[in-house]
Amino acid sequence: MGDENLWTAFEAAAATGGALCSRGGEGDDWPAEEWSAAGISIDTRSLKPGDIFVALRDARDGHEFLKSAFDAGAAAALVAKAPDTAPDGAPLLVVGDTLQGLRDLALAARLRNFGKRIGVTGSAGKTSTKEILRAVLSAGGSVHAADKSFNNHWGVPLTLARLPMHADYGVFEIGMNHAGEITPLTNLVRPHAAIITTVGAAHLEFFDSVENIAEAKAEIFLGLAPGGVAVLPFDNDYFELLKERAEASGAASFVTFGENAGADFRLLEYKAAGAGARLRTSIKGEERGFDVGIPGKHQALNMLAALAAADAVGADLDRSIAALASLEPAEGRGQRTIIQAEGGDAVLIDESYNANPSSMAASIGLLGAAVPGAGGRRIAVLGEMLELGPDAPALHASLAATLIEAKVDRVYAAGELMRHLWDVLPKDMCGLYAGSAVGLVGAVEDAIKSGDVVMIKGSNASKVSAVAKALQSRAANRKRAS
Ligand SMILES: Nc1ncnc2c1ncn2[C@@H]1O[C@H](COP(=O)(O)OP(=O)(O)OP(=O)(O)O)[C@@H](O)[C@H]1O
Ligand SMILES: [Mg+2]
């Protein structure tokens, strides 16, 4: 990105086998064969001038937006037919199927790049680990990674098609809802190192068991480049299964991260420090202590996974470790903000970006590790965890034990499924239950007092981020808490 010549017309045509053309007259101002593009976009709302617009047929048909794309400054459009909707003179690259066209661009982008690629999958922590890798690898070269959580059948090819020819590293988040979805994505990326952050109960709606989820995650190893390295979660219940799959896939080797003795990249001790943490680790047998910029033991484990992958693709370990100190949490993933409350300041921990049982437990743990100010309390504001299938009620009810263990004082909960927690929660912990998250905003705002620590968590669709937004607007100088 920011690469003036990401794709020329002829490169894109050669990669996709498509035809260069334009509608109407000769198009003197915009010759169909003489464009070059600095980026690629599939959404006219975020398209930047100079991007190729790819007209995908997804929730809506991208061909309906060709005019907006060119109004926004598109250099060309990748389309599936010579469409009536194309403005006169607009340069087009016509292929049989635009998603396949995007994949073809992605493949060509990979083939012409001399850098190293890392793939990241797992039930939680993919985006976090991708951002950690961006920071770590940037210490030793140029890094390409998506700005967003682009991890699906179009997100992965889009990210790869944007890979600059001279990038030293590419980092790719690879997600799935169903068995078989990771295989074509990892085959496209062909990572030199592939991380599985963790395997847990996410997307149970589409799987009979967590073991089947582990099998589906292990598909990532099928695409490893020759000599590739599998990075495995040592403490996970499915470690042996993942290891076997890594070995069977032809991974040249594997490396492990975790807390248990025997992990190659091992967390020995986690201590909250300032807005981040201080870690004591053992890395390839050598004990090392260092500061990191973002809090949470789960994030510390993501960091060890990232270090293992960076090391596997040849990045310098000392520089990688040093880069961890300047990390900052991404939106909704643990940012801390000092907010104004009755009687003084309180701390908001915004974990509102999505939830499943693993990440919910991690976030509640983070709240438990936070130390409230004088007279302050630990307050959890929880939205539902969705896509959990028939176990959903039990998984919600089981949060009661986690909340008690974390010494949470008050719980605010929203959504149908949270009723199952509400019904078993000790009465003195009950703040308020509401049918939807917006129903909690006023009550939470009224409840917060000086010294409180408030943590917000729930699936994206639970809209619990609305509570986070309302509280963010009370940020004292919008500065990060320490
Ligand atoms: N290793 C981990 N184990 C458990 N929870 C984690 C882990 N890493 C991050 N989390 C928590 O999970 C939530 C989602 O994190 P993140 O966005 O990194 O995951 P993701 O796998 O990219 O999610 P998605 O599938 O929605 O793209 C955050 O609240 C984060 O704090
Ligand atoms: Mg993500």
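**Stop 1: two crossing helices.** Select helix 1 and helix 3. Ala-12, Ala-15 and Thr-16 of helix 1 meet Gly-101, Asp-104, Leu-105 and Ala-108 of helix 3. Keep in mind that this is a predicted model. Two packed helices are described by the angle between their axes and the distance between the axes. Here the axes of helix 1 (residues 9-16) and helix 3 come within 8 Å and cross at roughly 110°. An angle from 65 to 115 degrees counts as roughly perpendicular, so helix 1 is roughly perpendicular to helix 3.

**Stop 2: a threonine in a loop.** Now select Thr-44. It sits in the loop between strand 4 (39-41) and strand 5 (51-54). Is Thr-44 buried or exposed? Its relative accessibility is 18%. Buried means under 20%, so Thr-44 counts as buried. Show its contacts next. Neighbours within four places in sequence aside, Thr-44 is in contact with Phe-53, Phe-65, Ser-68, Ala-69 and Ala-72.

**Stop 3: helix 4.** Select residues 126-138, which form helix 4. Its 13 residues, at 1.5 Å a residue, should span 18 Å. The end C-alpha atoms are 18 Å apart, so the two values agree. Colour the buried residues: Lys-126, Thr-127, Ser-128, Thr-129, Lys-130, Ile-132, Leu-133, Val-136 and Leu-137. What do the buried residues of helix 4 pack against? Their partners are strand 8 (116-121), strand 9 (143-145), strand 10 (169-173), strand 11 (193-196), helix 9 (297-312) and helix 10 (317-323).

**Stop 4: the magnesium ion.** Select ligand 2, the magnesium ion. Which protein atoms are its donors? They are OG1 of Thr-127, OG of Ser-149 and OE of Glu-173, lying 2.1 to 2.2 Å from the ion. Along the chain, the donors follow the spacing T-x21-S-x23-E. Ser-149 and Glu-173 link distant parts of the chain, 24 residues apart. Ser-149 is in the loop between strand 9 and helix 5 (155-161), while Glu-173 is in strand 10. Compare their accessibility. Ser-149, at 25%, counts as partly exposed. Glu-173, at 4%, counts as buried.

**Stop 5: the nonpolar cores.** Select Phe-221, Leu-403 and Val-411. Of the 88 residues in the largest nonpolar core, these three touch the most other members. Helix 3 (residues 98-111) supplies the largest share of this core, five residues. Apart from it lies another core, of 40 residues, including Ala-145, Phe-265, Ile-283 and Leu-317. Finish by zooming in on Val-411. Not counting residues up to four places away in sequence, Val-411 touches Ala-380, Leu-382, Leu-403, Leu-421, Trp-422, Leu-425, Met-429, Cys-430, Gly-431 and Leu-432.

Terms used
Residues numbered from 1 in each chain as written. Chains lettered and ligands numbered in written order. Predicted model: local features only at pLDDT ≥ 70, side-chain atom pairs only at ≥ 80, totals over all residues. Heavy atoms only, no water. Helix = DSSP H or I, 4+ residues; strand = E, 2+ residues; numbered from the N terminus. Expected span 1.5 Å × (residues − 1). Buried < 20%, exposed > 50% of the residue type's maximum accessible area, 1.4 Å probe, protein only. Contact = heavy atoms within 4.5 Å. Donors = N, O, S within 2.8 Å, 3.2 Å for Na, K, Ca; no water. Core = buried A, V, L, I, M, F, W, Y, C linked by side-chain atoms within 4.5 Å. Axes fitted to C-alpha atoms, helices over the stretch in contact; angles between N-to-C directions. Parallel < 35°, antiparallel > 145°, perpendicular 65-115°, else oblique.
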